[in-house]
Amino acid sequence: MTTDTIILAMESSCDETAVAVIKNGHEILSNVVSTQIEIHRRYGGVVPEIASRKHLELINIVIQEALDQANITLDDVTHIAVTYGPGLVGALLVGVATAKALAFASGKPLIGVHHIEGHICANFLVNQNLKFPLVCLVVSGGHTNIIKITDHGQYLLLGQTKDDAAGEAYDKIARAIGLPYPGGPQIERLAKEGDASAIELPRAWMGDDSFDFSFSGLKSAVLNYLNKAKMKGDEIIPANVAASFQQAVLDVLVQKTVHAAEMNGVDTILLAGGVAANGTLRNQLQKAANEKGIQVYYPPVEFCTDNAAMIGAAAHYKAVNEEYADLSLNAVPNLSFEKLLMERGQA
Ligand code: KG4
Ligand code: ZN
């Protein structure tokens, strides 16, 4: 395809109502994110029913804002794209139903995007010079995966978490030490004031050459430490808990990702997902990778956490291949990346 793509992309899988207009996969004509974090904070986490209601209230306003900021109308758009899974079913449905209605009314092709593929493609949004093959660590509130990318849309899943996602562990530990939701940025900030070697915590390596993860043992170890200290009346220093917990997570993420790149003869690592906003992770991964002659790239923070620009970037490569969805596209809350690759014959 030689003509330009101008994609109106929507993302509503969790607690951000986001719409972007992306030209040719990398020109960000607009990127509007209306976050519900303040609303959910008082409950200590995302309340699914409230999230869907808020998406419904906001989606049309955010779409209009994205078109206005891009200085275009719906007529100028070539494709409509939307996240269809995984995520909260009611939240996803708002985006999917809106995208289908717009595609039907305007006669424009509809593109369904897997949320993880969106996170990965945030890298292509800001960096057009990446050379395949690549290894990407996707770390968010719902996912922890190491993925080999051989071309746009061509993936091989090297490893994934067997229980909690890294961001989920951050959020749970933050809650246990009294920090507000979302816990990741709070732990990162507090950890800077703490001693990472103060508390001995386990690292789950899952076998020598495994690229799988497990964070539930670490989570239990921190909760046990807190309970024991409380029972004995020992002083708990939250900064030390944050620093020791974070280092236990980062040691595993960094070592496995660099090892995965080495084992696969790949010299470029990408970071993606909400936890990729973590500066300490970025620095430690960069240092460990550079020692092995491997380069690390990551998107700016606003494209790491949930946004629709990344969905527009992922949709561009599907538009080029005319990989369109029809109006039977549905929200799939538990859409696994593994299953998606199997359906595409890539697993
Ligand atoms: O990608 P995202 O916005 O939503 C999902 O797809 O899950 O990721 C949200 C997750 C939350 O668990 C949040 O605590 C975590 O990313 N996060 C961080 C940081 N910023 C966001 N975790 C660690 N350090 C950060 N700076
Ligand atoms: Zn996400």
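In what follows, Ala, Val, Leu, Ile, Met, Phe, Trp, Tyr, Cys and Pro count as nonpolar, Asp, Glu, Lys and Arg as charged, and the others, Gly among them, as polar. By that scheme, the shell around ligand 1 in this predicted model has six nonpolar, eleven polar and three charged residues.

**Ligand site**

There are 20 residues around ligand 1, and those that come nearest are Gly 141, Asp 171, Gly 184, Glu 188 and Asn 278.

| Residue | Polar atom in the residue | Distance to an oxygen atom of ligand 1 |
|---|---|---|
| His 115 | side-chain atom | 3.1 Å |
| Gly 167 | backbone atom | 3.2 Å |

Taken alone, ligand 1 exposes 550 Å², of which the protein buries 89%. Two or more residues of the shell are given by each of helix 4 (115–126), helix 5 (166–176) and helix 6 (183–191). Helix 6 supplies the largest share, four residues.

**Strands 7 and 8**

Strand 7 covers residues 144–151 and strand 8 covers residues 154–160; the two pair in the antiparallel sense over six bridges. Together they form a hairpin, with two residues between the strands. Asp 151 stands opposite Gln 154 of strand 8. In the turn, Gly 153 has a positive phi of about 80 degrees.

Note on methods: Residues numbered from 1 in each chain as written. Chains lettered and ligands numbered in written order. Predicted model: local features only at pLDDT ≥ 70, side-chain atom pairs only at ≥ 80, totals over all residues. Heavy atoms only, no water. Near = heavy atom within 4 Å. Polar contact = N/O pair within 3.5 Å; in protein donor to acceptor, adjacent residues only side chain to side chain. Areas by Shrake-Rupley, 256 points an atom, 1.4 Å probe, with all protein chains shown as cover. Pairing = 2+ DSSP bridges.
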